[in-house]
Amino acid sequence: SVRHLIAHQRSVIFRAEDFFDAYRTDPSFALHMLEAAKSAGAGVLCLCDSAGGTLPQVVREVCLETRKRFDGVLGIRAQDDSGLAVANALEAVAQGFTLVEGCLAGSGSGNTNLSTVIANLEYKLGHTVLEPKNLERLPTIARFVAQAGMIPVRRETAPSAEGLLATVDER
């Protein structure tokens with residue numbers, strides 16, 4: 001499939017569904033699957049925690065091993081079934097992953113809440129993810145998306161810069 005898409009001038013993000021479960025069962029097979037996708041021309045390898053049950057320390061270990069073996073863009077898609085998606089996404093970024101798949105305001109689908117990930121990367125970890133004018137608009141946009149999707153708006157949905165900085169200062 002990857003070769004076919006590449007032959008038709010398509011960019012490919014290879015989403016390795018259930019990757020962390022596969023890695024836990026057979027690391028060699030899981031890494032071989034990524035190698036096959038990369039060799040066929042996939043531009044991005046995206047590791048998926050499809051069930052959302054992987055702990056951050058396991059994400060760290062797997063991402064470290066994956067980064068050792070593969071250059072280029074690596075990504076993560078973490079489900080939030082166990083409330084770990086944001087922590088797992090931040091851990092993957094700490095290990096050199098540059099793509100985080102999710103949805104704005106955590107649209108209730110169980111995907112990583114990108115507004116929380118972006119705010120943490122920007123305000124707590126010093127990464128530049130958005131242009132300053134867009135970063136300032138993040139809370140408003142996240143609230144709009146949440147309200148449009150009839151998702152209950154919680155404080156942690158697109159926290160403000162002041163809220164994040166207050167959290168840091170309290171420590």
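These legends go with a set of close-up views of a predicted model.

**View 1. Four strands form an open, parallel sheet.** Start here to get your bearings: the strand order is β1-β2-β3-β4. The edge strands, β1 and β4, each pair on one side only. From one strand to the next, the twist averages 25 degrees. Helix α3 (residues 27–39) packs on this sheet, where it touches β1 and β2, and its direction makes about 165 degrees with that of β1. Helix α5 packs on the sheet as well, touching β2, β3 and β4, with its direction at about 170 degrees to that of β3.

**View 2. Strand β2 pairs with β1 and with β3.** Strand β1 (residues 13–16) runs parallel to β2, and four bridges join the two. Look for F14, which stands opposite L45 in β2, and for A16, whose bridge partner in β2 is L47. Moving across to β3, the pairing with β2 is again in the parallel sense and spans six bridges. Here L47 has I76 of β3 as its bridge partner. Together with α4, strands β2 and β3 make a right-handed β-α-β unit.

**View 3. Both faces of β2 are covered.** Six of the six residues of this strand are buried. On one side you will find V44, C46 and C48, and on the other L45, L47 and D49.

**View 4. Helix α5 is largely enclosed by the rest of the structure.** The buried residues are A85, V86, N88, A89, L90, E91, A92 and V93. After α5 comes G96, which has a positive phi, near 100 degrees.

**View 5. Helices α6 and α7 pack against each other in a left-handed crossing.** The contact is made by S115, I118, A119, E122 and Y123 of α6, together with L135, L138 and A142 of α7. Helix α7 covers residues 132–148, and its axis comes within 11 Å of that of α6. The two axes cross at roughly 160 degrees. Angles over 145 degrees count as roughly antiparallel, and α6 and α7 are therefore roughly antiparallel to each other.

Definitions and conventions. Residues numbered from 1 in each chain as written. Predicted model: local features only at pLDDT ≥ 70, side-chain atom pairs only at ≥ 80, totals over all residues. Heavy atoms only, no water. Buried < 20%, exposed > 50% of the residue type's maximum accessible area, 1.4 Å probe, protein only. Pairing = 2+ DSSP bridges. Right-handed = clockwise from strand over helix to strand, strands pointing away. Axes fitted to C-alpha atoms, helices over the stretch in contact; angles between N-to-C directions. Parallel < 35°, antiparallel > 145°, perpendicular 65-115°, else oblique. Left-handed = near helix turned anticlockwise from the far one by under 90°. Contact = heavy atoms within 4.5 Å.
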